[in-house]
Amino acid sequence: MLKSKFVFVLFFSYFCTYASLSAIQVDVKDSTGKSLDLVMVTIKAEKPQVPPRDDHGYPPEGLEFFITPEVTMFTSPNGKVNIPFPYAPQVIIRLRKIGYKDLNLRSYSNGSSVSFRMEKITDPNQLVGQYPSNSWVAALEFGEDKDLRKTYLEQCGFCHQQGSFFMRRAFTEGDWEEIINRMMGYGARPHGKAKKKLPGLLANAYVDLLKHPERVKPGRTWGKELYGAVIREWPMGDSFSQMHDLLFHKKTGLVYVGDNIQDRLWEINPNTGKTVVYKVPKQPEDELGGLLPGRLRSFQKHETYVGLHSLAESPIDGHIFITPSLQKRITEFDPFTKKFKDHMFQNGLYPHTIRIDEKDRVWFTLALSNQVGMFDRTNNSFHYYDLPARTKKESFSLWISGFIIKLMNWGFPMHLLPVDERVSGMPLPYGIDVAPNGKVWFTRLHADTIGVIDPKDDSFQLITTPFQGPRRLRVDRNNHVWISVFPEGSIARYTPEDGKFKLYPLPTAIDGVETPYSLNVDRKSNLVWVTGTSSDNLMAMDINTETWKVYPMSRKVTFTRDIEFSLDGKAYSSNGAFPSWHIEDGQPTLMEVTQSK
């Protein structure tokens, strides 16, 4: 306790000392002296506060420390921007604008006014190197087989981007075959025809693009919504982390982020940067790798016993419920006492996304057993909704899934198992949300269906989607259902009153290529926020006007998995690429977007 108070006093003194040095004034011109607007200007502390890393390379559990945020803003039409930065006396400045060479500059005194000139890029290979992942994937030649491209996006793009700088090289067909086989060991399920065609196709396509960079088209041009917008980031974890889902805790204003690979829950105060890390406890019988120990056997560094995945806050007492995806339980965290409690169950496998209704019932999908689960806190009991198989073949596959998992854990090469075109045997219940009217909606990613449960009579209905790969969903204040259409570069709205779907192409999509992993609805402001996991963006659509705003993130290869909101409308997400060394500089972050007034 004394150590914590000492750390806080040091931070408070540090903050007060430099709060008066409140801003960096930046003026940017091109090489001819013309003002450059919409230049991304990122400010970092030259000497950020660094916590001890005594616990397997991470901060010790329960230690209070502070993360120095990074701040990004964009220049106005006159090429100038004034960036508040009351965090450090000396700063590093990075300037970025597509079509111009990055400027990485140090060291500048806080409170100073600085001017820079940026030079245009003339080398086409350097230019397309700035373009996001979906620019490259859109340029890949898949021939007339559009479904093959969708399979590639759906099955090869849910852990990290395709087209990142790790992909943009001349791999051989054999290299690609080895990569795909390894990814199948992590859970990818491309069907047999795709698995056969993709290695040769990708080997030829990337070689062709390296020879003809002019075929790679730029992403969406940054827009005027960026004037006055502020993006703050808090670096957390390392290149071996996977910062998966997050939660803005309404009762405390703290943000919680789950490291899925290292089983750590990060608690960050966005007002002060004060941070505490908690290790999600494991049971004595838990194996490294959880119930799927074979999955991460080749991964270089991990402490995955439970596989911390999704988080939800109780509207009654503020307790946080967590899906430990690699165990048969739901974990409860008390954010006031900082204590964990496990609620064990026997049925079901891979608890995935979790939400809580107004009656304090905890709802979650069970991705590998084709179920939806409900934990009733009033009597500590579990209830299961067994979803129907699509075919007799799938019913049999689900029945023997336990044996298939044993094969995987014994080291059986998963790429040798047959997979058909819609992944029979794995419907994959995925996203879930509770509507204002109390009904519970969910998706089945591989079954191309959404479903709804009425808790009043325990009935449920499945609805076929007119698109492939519904991933996560949320429900707006009018009980309309919004769905991320992962491999088709769109989101969809489903209106239960007339049973109709409406597709909204994403503004960041290039030739239909974008992979929205998830979305969330800010019911107060009536905005749908969407993750642009192939374009390094977060984006928001006004439901009333159907107009978009797009916010580029500061790091290339930003892979966002969920979105949360503060009570005053700030949007939060985390960079959850797996592996995180794909991210520019290998650093996951918590990200906060404040829209301009």
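View 1. pLDDT is the predictor's confidence in each residue, from 0 to 100. The chain average is a pLDDT of 93, and 96% of the residues score at least 70. Because the model is predicted, local features need pLDDT of at least 70 and side-chain atom pairs pLDDT 80 or more, while totals for chains, interfaces and linings use all residues. Residues are numbered from 1 along each chain as its sequence is written, and side-chain values use heavy atoms, without hydrogens and water.

**View 2. Four strands form an open sheet in the order E22-E23-E24-E25.** Pairing is antiparallel. Strands E22 (429-434) and E25 (459-464) are the edges, each pairing on one side only. Strands are DSSP runs of E, at least two residues, numbered from the N terminus; two strands pair if DSSP finds at least two bridges between them.

**View 3. Strands E23 and E24 run antiparallel, joined by five bridges.** E23 covers residues 440-444 and E24 residues 449-454. Val440 has Ile453 of E24 as its bridge partner.

**View 4. The second largest cavity has a volume of about 40 Å³.** A cavity is a set of points on a 1 Å grid over the protein atoms alone where a 1.4 Å probe fits but cannot get out; lining residues have an atom within 4 Å of a point. Grid points are joined across faces, edges and corners, and the volume is the space filled by probe spheres set on the points. The whole structure holds two cavities of 30 Å³ or more.

Definitions and conventions:
On a 1 Å grid over the protein atoms alone, a cavity is a set of points where a 1.4 Å probe fits but cannot get out, and a pocket is an open set with protein on both sides within 12 Å along at least five of seven lines; lining residues have an atom within 4 Å of a point.
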